[in-house]
Amino acid sequence: MTVCLLLLSVVAVTAAVPVPRALTRAKWPEREPVVALWVWQCLVATVLLCCLTALALSTAAVFGTVRAQLFAPAPPAVTAAYDLSAASPWTTVLTVLLACGAAWTTAMLGRELVEARRRRTRARAHLRERAPDLPAGLPAARGPLLVLEDEYPDAWWMPGSPPQLIVTTGALRRLTDHQLDAVLTHERGHARARHDWLLHLSTALATGFPRIPLFAHFCDQTHRLVELSADDTASRRCGHLTTALALIELNQHRGVLSCASSHRLLGERVDRLLEPPPRLDRRHRALTTAAAALVPLVPLLITFAPGLTAALT
C-alpha cells in the first residue's frame, strides 16, 4: 500500500505543478483550443482520481470496517496484496488531509453552483423587467433570441434549459446581417458545448485551492480557451474576417485593441482571427486527444495493480 500511495502522490504532484506550467507556455493550444480544453480536463481528472483513490486506500488501512466493506468481494490474496493491516501514523495523517480536501472541494463546488443559480435567477428577473413579453425570436436555425431595447451594443447567452441568446438593439443597428450571424453562432457555440459547467468547475477549484498551479491555470486558461473555441465555431460558418469584424464592432467602445490587461484577450482574439494560426493535422490532433484520455487511467492502474497481480497469480 505504501508504494501505491507514493506513486499516486508522485503522479498527482507531477500533474498539478510542472505539467500545467509547461502547457501554459506551449503554442499549440491557441491553434486547437478544443483539444487544449480536453487536455486540461484530463489533468484535473488525474489529480482528483489520485486523491480519491489514495483516500480510499488510506481509509481502508486506518479503519477496519471500511476495509472489510471495500474488499468484501475480493479473495484473501487480493486483500493481502495491499497490506492494509499495518497502518503507519503518516497514513492516518494522510487520510485526514485527503478527507478534509475532499470535503472542501465538495463545499467549493456546491457554493459555486448555488452562487451561479442565484446570479442566473437575478439575471432572468432583470430580463423580465426589461422585456416582459418575450418575442418569438429569429428562425429556428439561429435559435431562440431575446432582443432588448438598449443603445449599448452587446450580445450574450444565458445558461438554462433551453439556453437563451440575448442581443441589444444597439448591436442590431451596429452589426450587418453576416456579422450578427457570426456573433450568434459564437454564443450558440458556448451553449452547445456547455461551457458554463466547465467555467463553474474551474472557478470552484481555483477558489478552493488558489495556490495549486493546476487549478489556478485551469481557471485562467478555461476562460480564454472557451472564447477561442467559440470564435472557431463562428469563423467556420461565417468566415474569419466576418467574425473578426463583428468582434471589433461589438467591442469597439470597450477598447478592443487596447493593451490593458482586461482587454488584452479581445485584441488577441481579433489578431488570431485576422491571421489564423496553422492548425494541427488530423492525425496529430487524434494522437494528442488519445494520449490525454489515457492520463487519467494512470492512478486507476496504480491502484488496481496489486489486486490484479494477486488475482492473476
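Ala 155 stands opposite Val 167, a residue of strand S3. This is in a predicted model, in which local features need pLDDT of at least 70 and side-chain atom pairs count only at pLDDT 80 or more, while totals for chains, interfaces and linings use all residues. Residues are numbered from 1 along each chain as its sequence is written, and side-chain values use heavy atoms, with hydrogens and water left out. Strands (E, at least two residues) and helices (H or I, at least four) are DSSP runs, numbered from the N terminus.

S3 covers residues 164–168 and runs antiparallel to S2, to which four bridges join it. S2 and S3 form a hairpin, with five residues between them. The sheet as a whole is open and has three strands in the order S1-S3-S2, with mixed pairing; two strands pair if DSSP finds at least two bridges between them. Strand S1 (145–148) and strand S2 (155–158) each have a single partner strand and stand at the edges, so one side of each has no neighbour in the sheet. On average, neighbouring strands of this sheet are turned by 25° against each other, direction ignored. Strands of a sheet pair through backbone hydrogen bonds, either parallel or antiparallel.

Helix H7, residues 89–130, lies across S1, S2 and S3 and runs at about 125° to S2. Axes here are lines fitted to C-alpha atoms, for helices over the stretch in contact, and angles run from 0 to 180 degrees between N-to-C directions.

The UniProt record places the feature "domain: Peptidase M48" (unreviewed entry) at residues 146–197. Over residues 146–197 the chain is 50% helix and 23% strand, and the end C-alpha atoms are 22 Å apart. For "transmembrane region", also from an unreviewed entry, UniProt lists residues 38–63, 93–114 and 286–308. UniProt positions are given in the numbering used here, feature names are shortened, and annotations may be inferred rather than shown by experiment. In the model, residues 38–63 are 96% helix and 0% strand, with end C-alpha atoms 37 Å apart. Residues 286–308 are 91% helix and 0% strand, and their end C-alpha atoms lie 30 Å apart.

Helix H4 (residues 33–62) contains Leu 55. Is Leu 55 buried or exposed? Leu 55 counts as buried because its relative accessibility is 16%; buried means under 20% relative accessible area, exposed over 50%, and partly exposed in between (1.4 Å probe, protein chains only). Leaving aside neighbours within four places in sequence, Leu 55 is in contact with Thr 95, Leu 98, Ala 99 and Ala 102, where contact means heavy atoms within 4.5 Å. Leu 55 and Ala 99 are 44 residues apart along the chain, yet their C-alpha atoms are separated by 6.9 Å.

H4 also meets helix H2 (residues 18–25): their axes come within 11 Å and cross at roughly 170°. H2 and H4 are therefore roughly antiparallel to each other; angles under 35 degrees count as roughly parallel, over 145 as roughly antiparallel, 65 to 115 as roughly perpendicular and the rest as oblique. Val 19, Pro 20, Leu 23 and Thr 24 in H2 meet Val 39, Trp 40 and Leu 43 in H4. The axes of H1 and H2 come within 3 Å and cross at roughly 25°, so H1 and H2 are roughly parallel to each other. Val 13, Thr 14, Ala 15 and Ala 16 of H1 make this contact with Pro 18, Val 19 and Pro 20 of H2.

The largest nonpolar core has 24 residues, and Trp 28, Trp 40, Leu 214 and Phe 215 have the most contacts inside it. A nonpolar core is a set of buried Ala, Val, Leu, Ile, Met, Phe, Trp, Tyr and Cys residues joined through side-chain atoms within 4.5 Å. Helix H1 (2–16), H4, helix H10 (195–208) and helix H11 (213–238) each supply at least two residues of this core. The largest share, nine residues, comes from H4. Beyond its neighbours within four places in sequence, Phe 215 is in contact with Val 44, Val 47, Leu 48, Ser 202, Leu 205, Ala 206 and Phe 209. A second, separate core of 20 residues includes Met 1, Cys 4, Phe 71 and Val 78.

Overall, the protein chain has 15 helices and three strands. Of its 313 residues, 42% count as buried.
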